[in-house]
Amino acid sequence: MAIFVINEWLSHDSSGENGAEAQRQALVVIQGLANSDHQIVVIEGSPFDQKSMALCKSSDISVVVIVKIYMTTIRVNSDRCVLLKAAKAAELPEDLAGAVKPDDHYLLRAQRSWPEAVLVTTDQPLREAVLRYGMKCLSREEFLARYF
Amino acid sequence: MLTKLTVHNFRSIEKCDVELGPITVLFGPTSSGKSSLFYSLLVLRNFILNPTQPLDGLFNLGFQNLGGFQECIFNHDVRETLGITVHIEDRLSYGVDFRKDDAEIFENCGSIHLQARVPLPYSGSQYFAFTHTEGGDFAVNWNGFASAVNSKSFYKDDQARAVRIAEDLNSVTEAIKHVDVCPHRRGFFKPSYSPVPLTPTATSEDEVATLIINDRNVPPHISINTVEIFDRDFRIFTPPGTATTYLQTTEQKGARVPGYLVNDGFGVNQVVYMLAKIHRPETESILIEEPEVHLHPTMIRRFARVLTRLATEEKKQLIFTTHSEQFLLSLLACVKEGLLQPEQLVCYHVTREKKRTLFSHAPVSRDGQISGGLSSFMEGELQDIKTFLSVTS
């Protein structure tokens with residue numbers, strides 16, 4: 001069993017804005033996670049959470065169904081999704097906080113709240129910073145290849 | 001409040017122990033056996049209310065006739081025993097093991113254990129004598145349904161204790177008598193009704209209309225809830241000098257223009273039916289099949305919130321079957337908001353494997369999450385979206 005912190009690529013891919021293949025892969029990831037023993041860590045109200053919620057209002061029925069599947073099989077599933085309150089998430093050390101964009105702090109706070117968690121990101125500078133700090137990180141492609 | 005239902009060999013249920021909470025939700029595929037759990041409780045209630053009927057008659061629930069013993073026993077094996085037991089907390093339980101020709105009735109109340117075998121049909125006039133010596137010397141006379149307890153001492157305290165023991169012993173069968181049901185077939189199909197005699201399981205539209213007409217507190221209670229859910233008043237009108245009562249709603253709360261309920265949307269109509277049954281003063285526990293039918297998702301959400309309040313504030317025990325992830329999500333949202341404690345919402349995922357119904361408890365967290373998620377609702381949509389997106393794996 002692994003624990004992942006996933007950044008917003010999953011929402012973007014689900015929305016179809018990164019193309020049909022990425023959307024297909026997003027569905028495979030969601031279904032795969034739902035059927036696996038893995039978990040994801042989500043900070044309530046974080047940009048990842050907000051973007052997922054926003055997709056519920058999409059006019060594209062495929063997007064709505066994908067996000068509905070995410071919501072019902074992962075987000076409300078206590079076996080698959082660890083919910084953290086922002087106020088209770090771990091704080092970042094100053095040097096790490098300074099090394100990454102403020103918009104990404106929530107991802108690292110989620111990851112540091114769950115020591116075994118692996119960050120899955122498409123952001124190369126973020127990835128380098130996380131690896132430099134000795135934390136676990138996978139690119140989207142590595143994540144797909146290894147787990148799905 | 002009923003806290004557990006234990007059933008064996010009833011329809012597709014070979015054996016189950018289902019914990020019950022203030023709100024209990026059974027969800028799962030069609031034909032998985034959710035309603036069978038409801039019906040088992042009603043069969044037990046039928047036996048308590050009318051043990052003199054033939055065994056097969058117990059399976060006629062009023063709104064639905066399940067056939068007889070042979071049709072309802074697991075695997076149609078009439079050599080087997082069909083058992084239904086209700087528990088209230090850990091110390092009280094009442095159950096019956098039905099066989100083709102007789103029944104074993106048993107009741108437990110703390111250290112008191114009553115048990116008797118009776119023929120079927122049973123007249124209810126046979127009394128079984130027991131003694132209870134904890135905290136005194138008591139004689140218990142029990143006919144399988146009700147107990148009379150007498151202290152062998154004349155001390156006031158012992159007499160009072162005998163009364164308390166009798167109240168405890170009789171509380172389980174009383175609780176079972178106060179179980180009500182809202183079956184799938186519900187609603188009002190006429191503009192007006194006249195009161196009719198009530199059967200033990202009042203489910204016909206005339207009977208439920210009678211419940212509304214005969215209790216002056218029920219219509220305003222219903223109205224408060226219909227305003228919350230639909231922004232519509234509910235009211236009744238009886239023309240002077242007649243025994244005919246019209247069921248009415250306003251089109252909008254502010255409009256004050258009454259119309260017949262039968263001309264309103266059927267969602268409103270059947271919610272009025274459910275609320276009438278819930279607000280019935282005698283109702284302590286109520287089984288409701290698919291409360292969400294005919295309702296828009298927004299109304300489902302509002303209805304779930306009203307039901308949450310009825311369970312927590314008015315202490316009505318609500319037991320649902322549902323095919324709506326929206327309904328369950330709305331209840332989970334109530335947990336997240338603190339309107340409902342996680343332990344007050346008891347959920348079971350019901351499935352059927354090799355002809356057997358399985359009840360899997362799905363605990364709810366304080367965050368409003370549920371173990372196992374709601375994937376069973378999404379299987380169809382998942383297959384469709386995979387087809388649309390050409391996902392093959």
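**Close-up views of a predicted two-chain model**

**View 1. The contact between chain A and chain B in the predicted model.** On chain A, 21 residues are in contact with 24 residues of chain B. Three elements of chain A each give two or more residues to this side: helix 2 (20-35), helix 4 (61-75) and strand 3 (81-84). Helix 4 of chain A supplies the largest share, eight residues. By type, the chain A side divides into ten nonpolar, seven polar and four charged residues.

**View 2. Helix 4 of chain A.** This helix has 15 residues. From first C-alpha to last it reaches 19 Å, close to the 21 Å expected at 1.5 Å a residue. Its buried residues include Val63(A), Val65(A), Ile66(A), Val67(A) and Ile69(A). Tyr70(A), Met71(A), Thr72(A), Thr73(A) and Ile74(A) are also buried.

**View 3. The open sheet of chain A.** Five strands are arranged in the order 3-2-1-4-5, with parallel pairing. Strand 3 and strand 5 (137-139) of chain A are the edge strands, each pairing on one side only. On average, neighbouring strands are turned by 30° against each other, direction ignored.

**View 4. Strand 2 beside strand 3 in chain A.** Strand 2 (residues 39-43) and strand 3 of chain A run parallel and are joined by four bridges. Opposite Ile43(A) stands Leu84(A), in strand 3 of chain A.

**View 5. Helix 8 of chain A on the sheet.** Helix 8 (residues 140-147) of chain A packs on the sheet and touches strand 4 (118-121) and strand 5 of chain A. The direction of helix 8 makes about 90° with that of strand 5 of chain A.

Conventions:
Residues are numbered from 1 along each chain as its sequence is written. Chains are lettered from A and ligands numbered from 1 in the order in which they are written. This is a predicted model: local features need pLDDT of at least 70, side-chain atom pairs count only at pLDDT 80 or more; totals for chains, interfaces and linings use all residues. Two residues are in contact if their C-beta atoms, placed from the backbone, lie within 7 Å. Ala, Val, Leu, Ile, Met, Phe, Trp, Tyr, Cys and Pro count as nonpolar, Asp, Glu, Lys and Arg as charged, and the others, Gly among them, as polar. The expected span of a helix is 1.5 Å times one less than its number of residues. A residue is buried if 20 or more other C-beta atoms lie within 10 Å of its own, exposed if 12 or fewer, and partly exposed in between; C-beta atoms are placed from the backbone. Two strands pair if DSSP finds at least two bridges between them. Axes are lines fitted to C-alpha atoms, for helices over the stretch in contact, and angles run from 0 to 180 degrees between N-to-C directions.
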